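Open the model in your viewer and keep the selection tool at hand. The tour begins with the chain as a whole and then goes to single places in it.

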Amino acid sequence: MNICIVVGARPNFIKVAPIIRAICKAKEQGRDIAYQLVYAGLKDDPTLEPSLFEDLQMPRPDVYLGVDCDNLNELTGQVMSAFEVYLQQNPTDVVIVVDDLASTMAAAIVTKKQGIRLVHLVAGTRSFDIKMPKEINRLVIDGLSDLLFTAGMGSNSIATREGAEISKIYLVGNILMDTLRFNYNRFQKPALFEQLGLKEKAYLVFTLNRKALISNQSNLKLMVEQMIANAHDIQIVAPLRQRAADAIKAMDIKSPNFHIVEPLSYLEFGYLTAHAEGIITDSGNVAEEATFNSVPCITLNSYTEHIETVKVGSNVLVGEDADKLGEAVGQMTTGQWKKSAIPDRWDGRSAERIVQILLDIHNK
């Protein structure tokens, strides 16, 4: 069985690394299985720092489609064209696509047009906001997929409600936890612990990526001020990429306890978040990892793709409301957080289940 794994952006690599390990393990055991890793972007993409592949202990992509443009419709067309050429030149039995990017949707459409089995990893996630481009991508990808691999019962329910046959849906758990479990003992303490005098479980982590949040400068300033004011003099560490860092610096917020730092490597960021007293983020991935690590987490969004992080885990949603954020940070820093647990099948063995399911179906 020849599997093609398609990734469209940096976070996708973190989710497919365990699948590659599981495929290699099955191959070593004499199973008929092989894979190629295809990246939609450029070979010298600056977001793919050299340490990423070393940190994840995974190989670099076998193929780069070389697509690089900001317009999503243009990107979709270019990925479709390049991926069609790839499939015509490489015998493929199964294509695995991840998450909800425009490049993911493009690869999904081409896969089905070529009559190849399509698998969607992290299926059944919805914001129920059709104005979001990613929501359209999710609907298209799930609608086309032959197999839907979901992270939780909430996603299963959504897929079923939208008409997917139960025989196509597999609750495999959250693949992100496989990577976290594999790397936990390899996490590296960042140098900034010494530089800032940080102590474990005595600081907060703040991350920011969403364009909508960053572009609303006046509200973002209120949110950051409320976060700092309610942190009770606890240090807040903010590893931010350029756009977010520039936006916050432009606010000229003066606080000796708020530190904007350079983005960290995967292993350093993993250590920072795993040992925090709490996390404030707009990233679903960071919130999911916080649940696995039982670290209190505030998500700056009105929804989450994995409601398990809220219902079972350590996550709370505050939307973009500065007052709600301040109140939640106050609870976080005074030990008033809710009790949490780890959701069903978030056990770090999702990749093993996925590969076994694919082998079983292929051998029928």
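This is a predicted model: local features need pLDDT of at least 70, side-chain atom pairs count only at pLDDT 80 or more; totals for chains, interfaces and linings use all residues.

Now select residues 175-183, which make up α7. Is this helix mostly covered or mostly open? Helix α7 is mostly covered, with seven of its nine residues buried. The buried ones are I175, L176, M177, D178, T179, L180 and N183.

- the helices α1 (10-28), α2 (50-56) and α12 (266-274)
- the helices α13 (284-293) and α16 (350-362)
- the strand β5 (117-121)

Zoom out to the whole chain. It has 16 helices and 13 strands. The radius of gyration is 21 Å, close to the 21 Å that the globule rule gives for 364 residues, so the chain is as compact as a globular protein of that length. Along the principal axes, the C-alpha atoms fill a box of roughly 60 × 40 × 40 Å.

The accessible surface of the chain comes to about 15,900 Å², and carbon and sulfur atoms account for 49% of it. Of the 364 residues, 56% count as buried. If you colour by charge, there are 37 positive and 44 negative charges, and their mean positions are 4 Å apart. Contacts can be shown as well: among those between residues at least 6 apart in sequence, 69% join residues at least 24 apart.

Next, select R10 in helix α1. Why does R10 count as buried? Its relative accessible area is 15%, and buried means under 20%. Follow the side chain of R10 to two partners. One is the side chain of E49, with a polar contact of 2.7 Å. The other is the backbone oxygen of T47, which lies 3.4 Å from a polar atom of the R10 side chain. Leaving aside neighbours within four places in sequence, R10 is in contact with T47, L48, E49, L52, R241 and Y266.

Move on to T333, in helix α15 (residues 322-333). T333 is buried too, with a relative accessible area of 12%. Which side chain does the side chain of T333 join in a polar contact of 2.9 Å? The partner is H232. The T333 side chain also reaches the backbone oxygen of V329, at 2.9 Å. Show the surroundings of T333 and, not counting residues up to four places away in sequence, you will find that it touches L204, N230, A231, H232, I234 and E277.

The last stop is K112, found in helix α4 (residues 102-113). K112 is partly exposed, with a relative accessible area of 27%. Not counting residues up to four places away in sequence, K112 touches L118, L144 and D146. To finish, select N301 together with K112 and draw a distance between their C-alpha atoms. How far apart in space are K112 and N301? The C-alpha atoms of K112 and N301 are 33 Å apart, and 189 residues separate the two in sequence.

Methods: Residues are numbered from 1 along each chain as its sequence is written. Side-chain values use heavy atoms; hydrogens and water are left out. Helices (H or I, at least four residues) and strands (E, at least two) are DSSP runs, numbered from the N terminus. The radius of gyration is taken over C-alpha atoms; the globule rule is 2.2 Å times the number of residues to the power 0.38. Buried means under 20% relative accessible area, exposed over 50%, partly exposed in between (1.4 Å probe, protein chains only). Contact means heavy atoms within 4.5 Å. Accessible areas come from the Shrake-Rupley method with a 1.4 Å probe; for residues, only the protein chains shown count as cover. Lys and Arg count as positive and Asp and Glu as negative; His and the chain ends are not counted. The place of a charge is taken as NZ of Lys, CZ of Arg, CG of Asp or CD of Glu. A polar contact is a pair of N or O atoms within 3.5 Å; within protein, one must be able to donate a hydrogen and the other to accept it, and residues adjacent in sequence count only if both atoms are side-chain atoms.
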